[in-house]
Amino acid sequence: GQWDVILDVVGTLPYPRARGLLAGGGRLLPVTATLTEQIGAALRPRRGTHRISGGVIGEGRAAMERLIRLHRDGVYRPHLGRTLPFAEVRAAHALAGSRHKQGNVVIVMP
């Protein structure tokens, strides 16, 4: 695999499909998991050399500042998909909700 972390926001990448994409020691972070998947991740977070991390996290200024630092240092590089102008925000939402997008959808503000 090539990815250290996969953040599955849409819920279309269960671990069996993610396994081949994750590097050794990689983590799968399902954001929209079913109750069964959440319980499975809590009871068995380690899968070989990989880890599934689920649950609720708190958001705050410190966490956002850390994420910005990681990005500036080149440690965190989001996978970008399509970039659309603000006038096409409906299309961006449709794409994001289609469960078939690859990478993050970026909306450019005027």
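## Close-up views of a predicted model

**Figure 1. Contacts of Asp8.** Asp8 touches Leu13, Leu28, Leu29, Pro30, Val31 and Thr32, leaving out residues up to four places away in sequence. The model shown here and in the other views is predicted. Asp8 has its place in strand E1. Is Asp8 buried or exposed? Its relative accessible area is 8%. Asp8 is therefore buried, since the cut-off for that class is under 20%. Asp8 also belongs to the residues nearest the centre of the largest pocket.

**Figure 2. The protein as a whole.** The protein has 4 helices and 6 strands. Along the sequence they follow the pattern β-α-β-α-β-β-α-β-α-β. The C-alpha atoms fill a box of roughly 45 × 30 × 30 Å along the principal axes. Of the 110 residues, 15% count as buried. Take the contacts between residues at least 6 apart in sequence: 31% of them join residues at least 24 apart.

**Figure 3. The largest nonpolar core.** Which residues make up this core? There are 8 in all: Ile6, Leu13, Tyr15, Ala18, Leu22, Leu28, Ala41 and Ile52. Two elements give two or more residues each, helix H1 (15-18) and strand E2 (22-30). Leu13 and Leu28 belong to the core, and both touch Asp8.

**Figure 4. Surroundings of Ile52.** Ile52 is a member of the largest nonpolar core. Beyond its neighbours within four places in sequence, Ile52 is in contact with Tyr15, Leu28, Pro30, Ala41, Pro45 and Arg47.

**Figure 5. The four-stranded sheet.** In what order do the 4 strands of the open sheet run? The order is E1-E2-E4-E3, and the pairing is mixed. Strand E1 (3-8) and strand E3 (46-47) are the edge strands, each pairing on one side only. E3 pairs with strand E4 (residues 50-52) in the antiparallel sense, over 2 bridges. Arg47 stands opposite His50 of E4.

**Figure 6. The largest pocket.** This pocket holds about 2200 Å³ of space. Its lining counts 48 residues. Val5, Ile6, Leu7, Asp8 and Leu29 lie nearest the centre. E1, E2, helix H2 (35-43) and helix H3 (61-72) are the elements that give two or more residues to the lining. Which element gives the most? It is E1, with 6 residues. By residue class, the lining divides into 24 nonpolar, 14 polar and 10 charged.

Figure 7. The lining consists of 16 residues. Nearest the centre lie Pro14, Tyr15, Leu28, Pro30 and Glu37. E2 and H2 are the elements that give two or more residues to this lining. H2 gives the most, with 4 residues. The lining residues divide into 8 nonpolar, 5 polar and 3 charged.

Terms used
Residues are numbered from 1 along each chain as its sequence is written. This is a predicted model: local features need pLDDT of at least 70, side-chain atom pairs count only at pLDDT 80 or more; totals for chains, interfaces and linings use all residues. Side-chain values use heavy atoms; hydrogens and water are left out. A nonpolar core is a set of buried Ala, Val, Leu, Ile, Met, Phe, Trp, Tyr and Cys residues joined through side-chain atoms within 4.5 Å. Buried means under 20% relative accessible area, exposed over 50%, partly exposed in between (1.4 Å probe, protein chains only). Contact means heavy atoms within 4.5 Å. Two strands pair if DSSP finds at least two bridges between them. On a 1 Å grid over the protein atoms alone, a cavity is a set of points where a 1.4 Å probe fits but cannot get out, and a pocket is an open set with protein on both sides within 12 Å along at least five of seven lines; lining residues have an atom within 4 Å of a point. Grid points are joined across faces, edges and corners, and a volume is the space filled by probe spheres set on the points. Ala, Val, Leu, Ile, Met, Phe, Trp, Tyr, Cys and Pro count as nonpolar, Asp, Glu, Lys and Arg as charged, and the others, Gly among them, as polar.
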